[in-house]
Amino acid sequence: AEALARRAFQRFLHLEAARVIGGSGAPSRVLEPDPAATGRLRVQPGVTFHFYTSSVPCGNASIKRWAKGGQGPESKLAERLAADAYPMP
(Lines give C-alpha, C1' and ligand atoms only; values in the text may rest on other atoms or scores of the structure.)
Protein backbone atom coordinates (compact mmCIF):
# COMPACT_ATOMS: atom_id res chain seq x y z
CA ALA A 1 0.00 0.00 0.00
CA GLU A 2 2.89 2.37 0.73
CA ALA A 3 4.38 1.85 -2.72
CA LEU A 4 0.97 2.41 -4.31
CA ALA A 5 0.51 5.65 -2.34
CA ARG A 6 3.96 6.84 -3.48
CA ARG A 7 3.20 6.07 -7.11
CA ALA A 8 -0.16 7.83 -6.92
CA PHE A 9 1.50 10.88 -5.37
CA GLN A 10 4.14 10.96 -8.11
CA ARG A 11 1.41 10.73 -10.75
CA PHE A 12 -0.45 13.59 -9.09
CA LEU A 13 2.70 15.74 -9.12
CA HIS A 14 3.38 14.93 -12.79
CA LEU A 15 -0.16 15.93 -13.73
CA GLU A 16 0.16 19.17 -11.76
CA ALA A 17 3.49 19.91 -13.45
CA ALA A 18 1.87 19.33 -16.83
CA ARG A 19 -0.81 21.89 -15.90
CA VAL A 20 1.82 24.52 -15.14
CA ILE A 21 4.07 23.76 -18.11
CA GLY A 22 1.32 23.20 -20.64
CA GLY A 23 -0.82 26.13 -19.56
CA SER A 24 -4.00 24.06 -19.81
CA GLY A 25 -6.07 26.90 -18.38
CA ALA A 26 -6.69 25.33 -14.99
CA PRO A 27 -3.97 26.49 -12.57
CA SER A 28 -2.08 23.96 -10.52
CA ARG A 29 -3.28 23.51 -6.97
CA VAL A 30 0.20 22.88 -5.55
CA LEU A 31 2.94 23.89 -8.00
CA GLU A 32 4.11 27.16 -9.50
CA PRO A 33 7.04 28.31 -11.65
CA ASP A 34 10.16 29.02 -9.61
CA PRO A 35 11.15 32.65 -10.22
CA ALA A 36 14.71 31.95 -9.04
CA ALA A 37 15.37 29.22 -11.62
CA THR A 38 14.19 29.18 -15.22
CA GLY A 39 12.36 26.01 -16.19
CA ARG A 40 11.90 24.76 -12.63
CA LEU A 41 8.82 24.40 -10.49
CA ARG A 42 8.33 24.75 -6.77
CA VAL A 43 5.65 23.96 -4.23
CA GLN A 44 3.38 26.93 -3.62
CA PRO A 45 3.82 28.71 -0.29
CA GLY A 46 1.62 27.27 2.43
CA VAL A 47 1.34 23.84 0.76
CA THR A 48 2.66 20.87 2.70
CA PHE A 49 2.54 17.14 2.07
CA HIS A 50 2.14 14.52 4.78
CA PHE A 51 2.23 10.74 4.67
CA TYR A 52 1.02 8.67 7.60
CA THR A 53 1.09 4.94 7.95
CA SER A 54 0.13 2.96 11.03
CA SER A 55 2.49 0.07 10.27
CA VAL A 56 5.93 -0.51 8.84
CA PRO A 57 6.17 -1.25 5.11
CA CYS A 58 6.05 -4.86 4.05
CA GLY A 59 6.88 -6.73 0.88
CA ASN A 60 9.32 -5.08 -1.53
CA ALA A 61 9.31 -1.85 0.50
CA SER A 62 10.61 -3.66 3.58
CA ILE A 63 14.13 -3.00 4.87
CA LYS A 64 14.43 -6.66 5.90
CA ARG A 65 14.67 -7.58 2.24
CA TRP A 66 17.92 -5.68 1.93
CA ALA A 67 19.29 -6.81 5.29
CA LYS A 68 19.26 -10.49 4.27
CA GLY A 69 21.22 -12.10 1.56
CA GLY A 70 24.69 -10.93 0.55
CA GLN A 71 28.02 -12.06 1.86
CA GLY A 72 30.67 -9.68 3.09
CA PRO A 73 30.97 -6.71 5.42
CA GLU A 74 27.61 -5.22 4.38
CA SER A 75 25.70 -8.34 5.44
CA LYS A 76 27.52 -8.44 8.79
CA LEU A 77 26.55 -4.81 9.39
CA ALA A 78 22.94 -5.62 8.54
CA GLU A 79 23.00 -8.52 11.02
CA ARG A 80 24.37 -6.26 13.78
CA LEU A 81 21.78 -3.58 13.04
CA ALA A 82 18.98 -6.16 13.08
CA ALA A 83 20.23 -7.56 16.39
CA ASP A 84 20.42 -4.08 17.96
CA ALA A 85 16.98 -3.05 16.67
CA TYR A 86 15.17 -5.25 19.17
CA PRO A 87 17.43 -5.69 22.21
CA MET A 88 16.48 -8.50 24.55
CA PRO A 89 15.88 -7.53 28.19
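The model is predicted: local features need pLDDT of at least 70, side-chain atom pairs count only at pLDDT 80 or more, and totals for chains, interfaces and linings use all residues. Residues are numbered from 1 along each chain as its sequence is written, and side-chain values use heavy atoms, with hydrogens and water left out.

Helix α1 spans residues 2–22; helices (H or I, at least four residues) and strands (E, at least two) are DSSP runs, numbered from the N terminus. From first C-alpha to last, the 21 residues of α1 reach 30 Å, close to the 30 Å expected at 1.5 Å a residue, where the expected span is 1.5 Å times one less than the number of residues. Glu 2, Glu 16 and Ala 17 of α1 are buried. Seen down the axis of α1, its buried residues fall within an arc of 105 degrees, so they line one face of the helix; the arc is that of the directions from the helix axis to the C-beta atoms. These buried residues pack against β1 (31–33) and β2, contact being heavy atoms within 4.5 Å.

Two residues are partly exposed (buried is under 20% relative accessible area, exposed over 50%, partly exposed in between; 1.4 Å probe, protein chains only):

| Residue | Location | Relative accessibility |
|---|---|---|
| Val 43 | strand β2 (residues 41–43) | 37% |
| Thr 53 | loop between β2 and α2 (64–67) | 32% |

The C-alpha atoms of Thr 53 and Ala 1 are separated by 9.4 Å, although these residues lie 52 residues apart along the chain.
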